[in-house]
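Please look through the sequence and the model shown below before reading on.

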Amino acid sequence: MVANLTLSGKNDDLHGSRVGHYLFTSRLHEGGMGYIYSGVHVHLNRHVAIKTARRDVPNQQFLQKRLIYEARYLAAVDHVNVVTVHDMGVSPDGMAYVIMELLDGTSLDKIIDRGGPLRVPVALQVVREIARGLAAFHEREIVCADVKPDNVMVVSGPLVGRGLTKRSWVKLIDLGAARTIRSLTAIHDNEPTMGTSWYMSPEAVLGQDLDERADIYSLAVLLYETLVGRVPFLAHEDEEIFRMHLWETPPRLSEVCPQIPAGSPLDELV
């Protein structure tokens, strides 16, 4: 789908603009790779989320390409713990965009920032849901490569002040760094290292080929953070965090989380 698009403000502020049948209504989030807006289908009155790649950075062509691949990876999986993609396209002036379901919830990183560590049963339920979503990608030979609380939306349950009226608590919402497992396709040749240093697996740090084990490593870091309130490796520079992932053993969960008995199954799991 393509249509005329006119920017209505500076810094890619698309409020009030239209692409295809979709009207941009407000900006919800700004990230390093792109923006997420709320929008509406002007004929069906369906409210959606619209994701666009940043166009105010030197590597904008790379980000546009990544967004298109992200949409294809998300669309390849139909799962309750993965955000649903409705449509994608490129506007006449070259802006890639993805139309997704509009979620009502709070990102996991904000929940931890505001409330601190989660109770053990709640943390396990959230991470169990994330693992199910990841498993759906791994079955399609897709590795997410950037599993972190920022990319998890909590949409039901007591963490967001509503009852368990839905089966799923959380949804994976961002696959900006995703790739096919053991992929040799051209899009991954000479790519910069992608991911967030706190959650990167050793093979990601080294720039090696990734498979589902990289996501499992990152999920363990995420579980540690939900129970402790911070990640296991902290430093001022990414290079130091990379070194810690490669060479240091993180503190055992039971050493930093009094509610976890030493040698318990959860202590051993993490």
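Is aspartate 113 buried or exposed? Aspartate 113 is exposed, because its relative accessible area is 64%, where exposed means over 50% relative accessible area, buried means under 20%, and partly exposed covers what lies in between (1.4 Å probe, protein chains only). This is a predicted model, in which local features need pLDDT of at least 70 and side-chain atom pairs count only at pLDDT 80 or more, while totals for chains, interfaces and linings use all residues. Residues are numbered from 1 along each chain as its sequence is written, and side-chain values use heavy atoms, with hydrogens and water left out.

The protein as a whole has 8 helices and 11 strands, which are DSSP runs numbered from the N terminus (helices: H or I, at least four residues; strands: E, at least two). Of its 270 residues, 50% are buried. Contact here means heavy atoms within 4.5 Å, and among contacts between residues at least 6 apart in sequence, 56% join residues at least 24 apart.

Once its neighbours within four places in sequence are left aside, serine 107 is in contact with Pro149, Asp150, Val152 and Met153.

The aromatic rings come next. The whole structure contains 4 aromatic pairs, where rings of Phe, Tyr and Trp (its six-membered ring) pair if their centres lie within 6.5 Å, and planes under 30 degrees apart count as stacked, over 60 as edge-to-face and the rest as tilted. One of these pairs is formed by phenylalanine 24 and tyrosine 37, which are edge-to-face, with 5.1 Å from centre to centre and 85° between the planes. The pair links distant parts of the chain, since phenylalanine 24 lies in strand E2 (residues 22–30) and tyrosine 37, 13 residues apart from it, in strand E3 (residues 34–41). Both phenylalanine 24 and tyrosine 37 are buried. The rings of tyrosine 35 and tyrosine 37 have centres 6.4 Å apart and planes at 55°, and therefore count as tilted. Tyrosine 35 is buried at 1% relative accessibility, and ring pairs join Phe24, Tyr35 and Tyr37 into a cluster. The axes of helix H3 (residues 120–139) and helix H5 (residues 212–228) come within 10 Å and cross at roughly 165°, axes being lines fitted to C-alpha atoms, for helices over the stretch in contact, with angles from 0 to 180 degrees between N-to-C directions. H3 is therefore roughly antiparallel to H5, a term for angles over 145 degrees. Residues of H3, including Leu124 and Val127, meet residues of H5, among them Leu219 and Leu223.

Notes: Angles under 35 degrees count as roughly parallel, over 145 as roughly antiparallel, 65 to 115 as roughly perpendicular and the rest as oblique.
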